[in-house]
Amino acid sequence: MIKVLFADDHEMVRIGVSAYLSSQNDIDVIAEANDGGEAVDLALSHRPDIILMDLVMKKMDGIEATRQIIERWPEAKIIIVTSFLDDEKVYPALEAGATSYMLKTSKAEEIARAIRQTYDGQSILEPEVTGKIMNKMRTGSDAPLHDQLTAREKEILLLMTEGKTNQEISEELFIALKTVKVHVSNILGKLTVHDRTQAVIYAFKHNLTK
């Protein structure tokens, strides 16, 4: 079962989405939060496989909650589920460490599919989000995407350019294989690429190799 924490300050949204997700054979909504602060506490105490995070909530918003969770639990997989596509919300959420970004206009089955794909190590972005990021890359108005990578992610990306597998990276850095997979997923998401090959091409293109 994929254990899910759902954070949203709209009770009816939580009830509806949670009911659908819990009807799935492989998903279990183990906890719900109605604000960012509660989401942080529940995430760290329950350690769910996936966190569904609303952005605009009382007391603490989803961006700050995501940032605090990732700082204290880097392996967390957070899917933003929101109505907002504003630049001032999309980029901070991804920079804070969100793995995927979905819109509330998505169908329940699409959210369930995103949960499964994110759980398997993929990064899911709405086409509109990808378009915004690609536009920023084209205009060059902002810092390059790889500036978002943490020191550990840059280290892993470098090993990826050397052809290292996840298992080899795990052994070389003395970290768990699952942790490597999480970092690789985050790297793909931050670089807005779909697979390791594209990530390696990005690294060579931007002179990120030794």
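1. Ala114 touches Ile79, Met102 and Ile124, leaving aside residues up to four places away in sequence. This is a predicted model, and in it Ala114 belongs to helix H5, residues 108–119. Is Ala114 buried or exposed? Ala114 is buried, because its relative accessible area is 1% and the cut-off for buried is under 20%. Between the C-alpha atoms of Ala114 and Thr161 there are 28 Å, with 47 residues separating the two along the chain.

2. Next, the pairing of the strands. Strand E1 (residues 2–7) pairs with E3 in the parallel sense, over four bridges. Within that pairing, Val4 stands opposite Ile50 of E3. E1 is also joined to E2 by six bridges, and these two strands run parallel. Ala7 has Ala33 in E2 as its bridge partner. From E1 to E2 the chain passes through helix H1 (residues 11–22), and this β-α-β crossover is right-handed.

3. E3 has a further neighbour, strand E4 (residues 78–82): three bridges join E3 and E4, which run parallel. Here Leu52 has Ile79 in E4 as its bridge partner.

4. Asp54 lies in the loop between E3 and H3. The UniProt record, an unreviewed entry, carries the annotation "modified residue: 4-aspartylphosphate" at Asp54. With a relative accessible area of 3%, Asp54 is buried. Its contacts, not counting residues up to four places away in sequence, are Ala7, Asp8, Asp9, His10, Gly62, Val81, Thr82 and Lys104.

5. The largest nonpolar core has 31 residues. Those with the most contacts inside this core are Ile51, Met53, Ile69, Ala76, Ile78, Ile80 and Tyr101. At least two core residues come from each of E1, strand E2 (27–33), helix H2 (36–46), E3, H3, E4, helix H4 (87–96) and strand E5 (100–103). Apart from this core lies another, of 19 residues, which include Leu145, Ile169, Ile187 and Leu188. In soluble globular proteins, nonpolar side chains tend to be buried together.

6. What does Ile78 touch? Not counting residues up to four places away in sequence, Ile78 touches Ile51, Met53, Thr66, Ile69, Ile70, Ala98, Thr99 and Ser100. Ile51, Met53 and Ile69 are also named with Ile78 among the residues with the most contacts inside the largest nonpolar core.

7. Helix H10 (residues 196–205) has the buried residues Ala199, Val200, Tyr202 and Ala203. Why do they count as lying on the same side of H10? Because they cover an arc of only 155° around the axis. The face turned away from the buried side of H10 carries Thr197, Ile201 and Lys205, which are exposed. An α-helix has 3.6 residues a turn, so residues three or four places apart point the same way.

8. Two residues deserve a look for their backbone angles. Thr192, in the loop between helix H9 (177–191) and H10, has a phi near 55°, a positive value in a residue other than glycine. Asn207, in the segment after H10, also has a phi near 55°, again positive in a residue other than glycine. Most residues other than glycine have a negative phi, and most peptide bonds are trans. Are these residues buried or exposed? Thr192 counts as buried because its relative accessibility is 14%, whereas Asn207, at 65%, counts as exposed.

9. Last, Thr165 is found in the loop between helix H7 (151–161) and helix H8 (166–173). Thr165 counts as partly exposed because its relative accessibility is 39%, which falls between the cut-offs of 20% and 50%. How far apart are the C-alpha atoms of Thr165 and Val180? They are separated by 9.8 Å, and the two residues are 15 residues apart along the chain.

Key:
Residues are numbered from 1 along each chain as its sequence is written. This is a predicted model: local features need pLDDT of at least 70, side-chain atom pairs count only at pLDDT 80 or more; totals for chains, interfaces and linings use all residues. Side-chain values use heavy atoms; hydrogens and water are left out. Two strands pair if DSSP finds at least two bridges between them. UniProt positions are given in the numbering used here, feature names are shortened, and annotations may be inferred rather than shown by experiment. Buried means under 20% relative accessible area, exposed over 50%, partly exposed in between (1.4 Å probe, protein chains only). Contact means heavy atoms within 4.5 Å. A nonpolar core is a set of buried Ala, Val, Leu, Ile, Met, Phe, Trp, Tyr and Cys residues joined through side-chain atoms within 4.5 Å. The arc is that of the directions from the helix axis to the C-beta atoms. A crossover is right-handed if, with the strands pointing away from the viewer, the path from the first strand over the helix to the second runs clockwise.
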